[in-house]
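User: Please take a close look at the side-chain contacts in this structure, and describe them in one connected account.

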Amino acid sequence: MGKFALKDTISGKVQDIKGLLGSIGHHRVKDRPKDALNTTFAIDTRRSTIHCFSMLGVDPSTIDHKVKSYTGLITDEAFVTRFRDAVAEFVADTPTERVRMVSLILPDNAVAMDVINVPTMRNRALTRNALNLAMGELYMNLGELKVHAQTAAQNRQFTTFTTASVQKKLLTDLYSACAEHKLLVDTATFASGAAAAAVTALNPKMKNESYLLVDVKDIYTRFVFVANGKATGYYILPFGLEFLARPKYVQEDMLFDHTQGELTVLNAREKAKAKKLTVLAEQAEQQEENAEELNEPAPAAAEPVPAAIDEDDEDMEDIEEAEKANAGVIEMITETFSMTAGQRVVAPKVMAKKTPRRLPKFMQRPVPETEEEIACENFRVFVKWALTLIASNEKLTALGKPESVYVNIPQMLSYVLDKTNEELEENGVEFKLLDNGECDANVLVNLELYGGFFPRAINPANRF
C-alpha cells in the first residue's frame with residue numbers, strides 16, 4: 001500500500017471517530033435536517049408553566065405550542081414528575097421510532113451568571129485554578145453546580161471570565177425525563193441566551209453585535225445584555241404589555257408592591273423608638289369585624305401610648321426582632337379580642353394605603369390625555385430602566401457596550417420608539433424596533449422558545 005493511500009485511510013478513520021464522538025455528546029451541536037420536527041422544552045417560573053414549542057423545518061406557520069402548568073419549585077421532586085408527564089404527553093401526540101433531538105430552555109433564575117476577574121498565570125491550568133478558587137468563595141455549593149466558563153478578555157495582568165452555573169441534579173433529572181421517551185437534549189441553555197439566539201436567527205447581521213434586548217412580554221419584561229452575540233446578564237421587571245398598552249397613565253412607584261418591606265422598615269424604626277407597631281389596613285378591618293361580632297364598639301384609631309423601654313435592649317437597629325414582632329401582629333390581635341366583654345381595646349396604628357408620590361413642580365411633566373400620549377409616557381419607565389441598567393453595570397458593558405437598545409413590542413406601538421428617539425442626544429443610545437415587519441407573531445411572543453430551534457445560533461458561552 002502506498003504512503004498516500006495509507007494516509008487517506010488513517011484520515012478516514014479519524015473522521016469516523018470524530019463523527020462518532022460528536023453523535024454521542026450533549027455539547028456537540030449539529031445541523032438538524034431541514035424537514036425535521038424542531039422541538040423546544042422550556043420552563044417558565046414566572047407563570048409556573050412548562051412549554052413545548054415545535055416547528056416543522058423552518059416554517060413558522062407550522063408552529064405548535066403546548067403549555068402545561070405545575071405547582072411548587074422546580075427543585076422539588078413533584079416538578080420533575082410533572083415535567084416527565086408533560087414530555088410523555090408530547091411524545092404521545094407526535095409518536096416516532098427515531099431518537100429526536102430537542103432543546104431545553106431553563107428559566108433565568110435557575111442560572112447564576114457572573115463576570116469574574118482573576119490574575120493571569122503562566123499557563124491556562126493555573127489561571128483556571130485561580131478561577132475555581134474565586135468561584136469557591138462565591139458559591140458555597142460549588143461541587144453541586146455545573147459551571148460553564150469562557151474567557152471574555154485577557155491581558156498580562158488579568159483574565160476576565162463569563163460564567164454560567166446551574167445545579168447538576170436539575171440538569172440530570174431533566175435529561176433523564178427526556179431520555180425516557182427517546183428525546184435527546186443536544187442543547188441546554190437559559191431564557192436570556194435563547195432570546196439572544198432568536199435575535200441572531202431573525203437577523204444574522206447581529207450575530208456579533210453588542211446591544212441591550214428589551215423583550216416586553218404580557219405580564220413581565222426581560223432585559224438582556226448581549227456582548228458580541230452572547231448573553232452576559234439579564235434583569236426582570238414585573239410588568240409588560242398590560243401596563244404599556246393600558247389606556248391610563250400610571251406613575252412608576254405604583255407599579256411595585258413593596259408593602260411588606262416598607263412595613264418591616266417602619267416597624268423597625270418604631271421598635272427602635274419604643275412605639276407600638278403598625279399593621280396593615282386589612283388587619284385593622286378584620287379587627288373591626290371581630291369587635292362587631294363581640295358586640296363591642298369598634299375601637300377608634302388613636303395614637304398609641306409609648307411602651308416602656310427595656311433597659312436591657314439597647315440595640316436600636318435590631319431589624320430581626322422587628323420582623324418577628326411584625327409576624328406576631330395577628331397573634332396579638334387575636335389575644336386582644338379574647339378579653340372580657342366591655343374591656344377597652346387599644347387599636348394599633350394602621351399603615352395608610354399607598355398613594356402616588358408627589359413630585360415638586362419642576363420635576364412634573366404634562367399629564368398625558370390621548371392614548372398615544374399615555375403609551376409614550378408609560379414607555380418612559382422602560383427607557384429609564386434600560387438607561388439605568390446600562391449605566392450601573394460597568395462589568396457587563398466593559399465586555400461590549402450596547403450600541404443600540406432593541407425593543408420587542410408589536411409594530412402598532414412603534415410610535416413610542418419614535419417619541420423616545422427625539423431625546424437621542426440626551427439618552428446616548430438609540431431605541432430600535434426588533435420586528436422588521438417580516439416576523440411571525442408566534443415568534444415574537446415566544447422569542448426565547450424560538451431561539452431553541454437554532455442551536456448553532458446559541459453562543460457557546462450560553463450552553464451547558
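Analyst: Helices (H or I, at least four residues) and strands (E, at least two) are DSSP runs, numbered from the N terminus. The model is predicted, so local features need pLDDT of at least 70 and side-chain atom pairs pLDDT 80 or more, while totals for chains, interfaces and linings use all residues. Residues are numbered from 1 along each chain as its sequence is written, and side-chain values use heavy atoms, without hydrogens and water.

The charged pairs come first. A salt bridge is a side-chain nitrogen of Lys or Arg within 4 Å of a carboxyl oxygen of Asp or Glu. By this rule the structure has 15 salt bridges. In one of them, the side chains of Glu89 and Lys68 meet with 2.8 Å from N to O. This pair links distant parts of the chain, since Glu89 belongs to helix α2 (residues 77–93) and Lys68 to strand β3 (residues 64–69), 21 residues apart. Glu89 is partly exposed, with a relative accessible area of 32%; here buried means under 20% relative accessible area, exposed over 50%, and partly exposed in between (1.4 Å probe, protein chains only). Lys68 is also partly exposed, at 27% relative accessibility. Glu89 has a further salt bridge with Arg82, where the closest N and O atoms are 4.0 Å apart. Arg82 has a relative accessible area of 23% and is therefore partly exposed.

With 47% relative accessibility, Lys169 counts as partly exposed. Elsewhere, salt bridges that share partners connect Asp108, Asp215, Lys217, Arg222 and Glu448 into one network.

The aromatic rings form another set of contacts. Rings of Phe, Tyr and Trp (its six-membered ring) pair if their centres lie within 6.5 Å; planes under 30 degrees apart count as stacked, over 60 as edge-to-face and the rest as tilted. The structure holds 15 aromatic pairs. Among them is the edge-to-face pair of Tyr211 and Tyr406, 5.5 Å from centre to centre and with 80° between the planes. Tyr211 lies in strand β9 (residues 211–216) and Tyr406 in strand β14 (residues 404–408), so this pair ties together parts that are 195 residues apart in sequence. Both tyrosines, Tyr211 and Tyr406, are buried. Tyr235 and Trp385 form a stacked pair, with 5.4 Å between centres and 20° between planes. Because Tyr235 is in strand β11 and Trp385 in helix α11 (residues 371–392), their contact ties together parts 150 residues apart in sequence. Tyr235 is partly exposed at 34% relative accessibility, whereas Trp385 is buried, with a relative accessible area of 16%. Ring pairs also link Phe41, Tyr70, Phe79, Phe83 and Phe90 into a cluster.

The cysteines complete the account. A disulfide is a pair of cysteine sulfur atoms within 2.5 Å, and the structure holds 0 disulfides. For Cys52, the closest cysteine sulfur is that of Cys178, 9.6 Å away and therefore too far for a bond. Cys52 is buried, with a relative accessible area of 6%. Cys376 is buried as well, with a relative accessible area of 14%.
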